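Have a look at the sequence and the 3D picture first. After that, we'll take a friendly walk through the parts one by one.

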Amino acid sequence: MSAIIQACLGCETLLFPARLFCPRCGQEDFAPFSAEHGIVEQTTRLAGGTVLATLAIEGGPRVIARLTGGDAAPGQRLPLTNDPNAASGVHAYIPVHPNVNEDKP
Ligand SMILES: [Zn+2]
């Protein structure tokens with residue numbers, strides 16, 4: 001399981017959510033990057049039971065994800081997914097930005 005985020009082709013910065021231009025180097029060419037895991041930094045349980053987590057992606061950005069399949073504790077390493085209904089175990093779901101592949105044929 002993994003989640004697609006955006007990698008700048010100019011400076012290799014990893015970005016999420018997807019941007020129209022790189023905030024670091026300013027260029028506009030990106031490639032999809034498959035992020036496998038994130039480390040949970042903090043979780044929040046909403047009134048309806050949904051659990052949100054802030055996760056740090058190694059070498060990349062922090063993302064806020066919705067946990068599927070259970071709860072997690074700070075320091076836990078979770079698989080990332082673009083599938084909101086990921087099964088078998090706890091996953092951190094982040095959506096695919098519609099522009100992430102816009103420069104690809
Ligand atoms: Zn860049």
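## Strands around β4

β4 and β7 pair in the antiparallel sense, with three bridges between them; strands count as paired if DSSP finds at least two bridges between them. Strands here are DSSP runs of E with at least two residues, numbered from the N terminus.

β4 also runs antiparallel to strand β5 (residues 51-56), and six bridges join the two. Here Gln-42 has Thr-54 in β5 as its bridge partner. The hairpin of β4 and β5 has five residues between the strands, and in it Gly-49 takes a positive phi near 100 degrees.

## What to keep in mind

This is a predicted model, where local features need pLDDT of at least 70 and side-chain atom pairs count only at pLDDT 80 or more, while totals for chains, interfaces and linings use all residues. Residues are numbered from 1 along each chain as its sequence is written, and side-chain values use heavy atoms, with hydrogens and water left out.

## The zinc site

Which residues hold the zinc ion as protein donors? They are Cys-8, Cys-11, Cys-22 and Cys-25, each through SG, at 2.3 to 2.4 Å from the ion. Donors are N, O and S atoms within 2.8 Å of the metal (3.2 Å for Na, K and Ca); water is not among the atoms, so sites may look incomplete.

The angles between the four donor atoms run from 102 to 116 degrees, so the arrangement is tetrahedral (four donors, all angles between 85 and 135 degrees). Along the chain, the donors follow the spacing C-x2-C-x10-C-x2-C. Cys-11 sits in the loop between β1 (3-8) and β2 (14-15) and Cys-25 in the loop between β2 and β3 (30-35), so this pair ties together parts 14 residues apart in sequence.

## Two salt bridges

The model has two salt bridges, meaning a side-chain nitrogen of Lys or Arg within 4 Å of a carboxyl oxygen of Asp or Glu. One joins Glu-41 and Arg-62 (2.6 Å, N to O). Glu-41 lies in strand β4 (residues 37-45) and Arg-62 in strand β6 (residues 62-68), so the pair links parts 21 residues apart in sequence.

Another salt bridge joins Asp-71 and Arg-45 (2.9 Å, N to O). Asp-71 is in the loop between β6 and β7 (77-81) and Arg-45 is in strand β4, so parts 26 residues apart in sequence are tied together.

Terms used: Four donors count as tetrahedral if all angles lie between 85 and 135 degrees; four count as square planar and six as octahedral if opposite donors are over 155 degrees apart and all others between 65 and 115; anything else is irregular. Helices (H or I, at least four residues) and strands (E, at least two) are DSSP runs, numbered from the N terminus.
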